[in-house]
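Subject: Structure handover

Hello,

Here is the structure I promised to pass on.

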Amino acid sequence: MKAKQLILLLGAALLATACDKEPQPAPPGGKRDRTVIAYMVADNNLYSNAVKDINEMERGWHDNWNGYMVVYFYPVAKTSGYAPGTADYNENPRLLLIRYDNDNSRIVSEVLKEYDRASQNPCDAAVMTSVLNDAMALAPADHYGLVMWSHGSGWLPKGTTTNSIVKSASADESYGYSSKGAVPRSKLGDWLIPATVPVTASADSSGPIMLQSIGITNSNMNTTIGRADELDLDVMPSALPAGVNFDFILFDACFMASVEGIYELRDHAQYVIASSAETIDEGFPYDKAIGYMFTTTADVKNIAKTFYDDYNTRSGAWRSATISVTDCSKIDALAASIKVLCNNHPGTVKYTYQQFGQTNSSKFYNTFYDLGDFVRGTWSDAPAAADLAAFENALDAAVIYKAHTPMMFQGMTGGFAVTDATFCGITCYIPRPAPQQPQTKAAYNIRFGWSTVSGIGLLVP
């Protein structure tokens, strides 16, 4: 399924906070305070959303800000059923420097560099490294932020799920993916919301609900998994430029607030902004959020809050959102607090905790559990009370902002409630006994350090 989006709102009203919270004017010269790079893999059913989000960025941008907003835009192929079909359509990936424009019918941003489509797979780590280095060379700054925009499936390795029945005008676009999906239009992820369920557009939107995730490129088939390629989250750190610690990494995609993934990125970013659950395809309201990306110190809490506020004002199934901001410097202490519980107390794993991905009938169910609800439910006995309190302190220090709507996909098959008591802002996987989920469990134990440092990987034989 799909769940993703980036952010913006018009100028003064958005930024009418204290002076130290306002984006600073650009100094003379080429180097600026912060460059935010949006890595948009839109070679899938999210293409139209990518165009919309770029327009939002342009609408919210101020050309005098002390920063650069650069978008790596990898669009669908000309032959894709998602392409607009116009004679002047450009299918080549390119780096765009965002410029202000209030016309949603066009993209006016400057092309910094254009790439040959045939030579680039955006889900290849080496390509990602090269693109990010290009962006930083062409729009240099003292600090950097990163937005990962596409489908997403948390920490799950590519190929974990089976092909969905998504069908498009082009045969090469029947694909399975791990998060951003469509509902129901003519394209549907079969593990999201059954096509038989009627979906009515809300008053807040012009079309049916779509969900989103991270890194699906239909033009680049992976022969190992037998479908469109994806970028594994444990590979992503190797793709990030050496020596760069991003002020924030924002995932405009589904299920990316997984503690397993955040742990892998802990040395590459100060904060991770992400959703525990599916993300509706409209993603972040970039016109409202972009200003907070360029304050002297990136205002990560308000970046996340614009996302929550945007969806919380809607109604019905469209009022669906979870979001959090995690301080990566606190993840090691959080892992250590859980390891103490695992080592000192037997605990009883029940698998009845709050989980996300419930709209998924089989591929994501039993994968993304709320970390706080899991720990509290597993170690609720009195002897564990002191160690549980230490965990709560570590969790509070790590998750500095969290918000959720009361329901996810109200009135739709698989819709479910979310409460303050069962939402901590980040998710975890809970291993299950063999032979259940053998591929997922093996990947969790072997490829993700969180399994060992937290002790959770040894909870279940």
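**The sheet**

Strands β10 (residues 271-274) and β12 (residues 322-327) pair antiparallel, over 4 bridges. Two strands pair if DSSP finds at least two bridges between them. Helices (H or I, at least four residues) and strands (E, at least two) are DSSP runs, numbered from the N terminus. Within this pair, Val 272 has Thr 326 of β12 as its bridge partner.

Before going on, a word on the source: this is a predicted model, where local features need pLDDT of at least 70 and side-chain atom pairs count only at pLDDT 80 or more, while totals for chains, interfaces and linings use all residues. Residues are numbered from 1 along each chain as its sequence is written, and side-chain values use heavy atoms, with hydrogens and water left out.

The pair belongs to an open sheet of 9 strands. Their order is β4-β3-β2-β1-β5-β9-β10-β12-β15, and the pairing is mixed. Which strands stand at the edges? They are β4 (110-114) and β15 (399-404). Each has a single partner strand, so one side of each has no neighbour in the sheet. From one strand to the next, the twist averages 15°. Axes here are lines fitted to C-alpha atoms, for helices over the stretch in contact, and angles run from 0 to 180 degrees between N-to-C directions.

Helix α3 (residues 125-138) packs on this sheet. It touches β1 (32-41), β2 (67-74), β3 (94-97), β4 and β5 (141-149). Its direction makes about 145° with that of β1. Contact means heavy atoms within 4.5 Å. Helix α10 lies across β12 and β15, and runs at about 80° to β15.

**Strand β3**

Strand β3 runs antiparallel to β2, joined by 4 bridges. It also runs antiparallel to β4, again with 4 bridges. Val 70 stands opposite Leu 97 in β3. Leu 96 stands opposite Val 111 in β4.

In a regular strand the side chains alternate between the two faces of the sheet. Are the faces of β3 covered or open? Both are covered. Arg 94 and Leu 96 are buried on one side, Leu 95 and Leu 97 on the other. Buried means under 20% relative accessible area, exposed over 50%, and partly exposed in between (1.4 Å probe, protein chains only).

**Two helix pairs**

Take α8 (residues 331-344) and α10 (residues 385-398) to begin with. Their axes come within 8 Å and cross at roughly 160°. That makes α8 roughly antiparallel to α10. Angles under 35 degrees count as roughly parallel, over 145 as roughly antiparallel, 65 to 115 as roughly perpendicular and the rest as oblique. The crossing of α8 and α10 is left-handed. A crossing is left-handed if the near helix is turned anticlockwise from the far one by less than a right angle, and right-handed if clockwise.

Which residues make this contact? From α8 come Ala 333, Leu 334, Ser 337, Ile 338, Val 340, Leu 341 and Asn 344. From α10 come Asp 387, Leu 388, Ala 390, Phe 391, Ala 394, Leu 395 and Ala 398. They divide into 11 nonpolar, 2 polar and 1 charged. Ala, Val, Leu, Ile, Met, Phe, Trp, Tyr, Cys and Pro count as nonpolar, Asp, Glu, Lys and Arg as charged, and the others, Gly among them, as polar.

The other pair is α2 (residues 47-60) and α6 (residues 286-293). Their axes come within 7 Å and cross at roughly 55°. The two helices are therefore oblique to each other. The crossing is right-handed. Asp 53, Glu 56, Met 57, Arg 59 and Gly 60 of α2 meet Tyr 286, Asp 287 and Ile 290 of α6. This contact divides into 3 nonpolar, 1 polar and 4 charged residues.

**Two buried residues**

Cys 342 lies in helix α8. Its relative accessibility is 16%, so Cys 342 counts as buried. Beyond residues up to four places away in sequence, Cys 342 touches Trp 379, Ser 454, Gly 455, Ile 456 and Leu 459. Cys 342 and Trp 379 are 37 residues apart along the chain, with 9.0 Å between their C-alpha atoms.

Ser 258 lies in the loop between β9 (248-252) and α5 (259-264). It is buried, with a relative accessible area of 0%.

**Whole chain**

The protein chain has 12 helices and 18 strands. Of its 461 residues, 62% count as buried.

Best wishes
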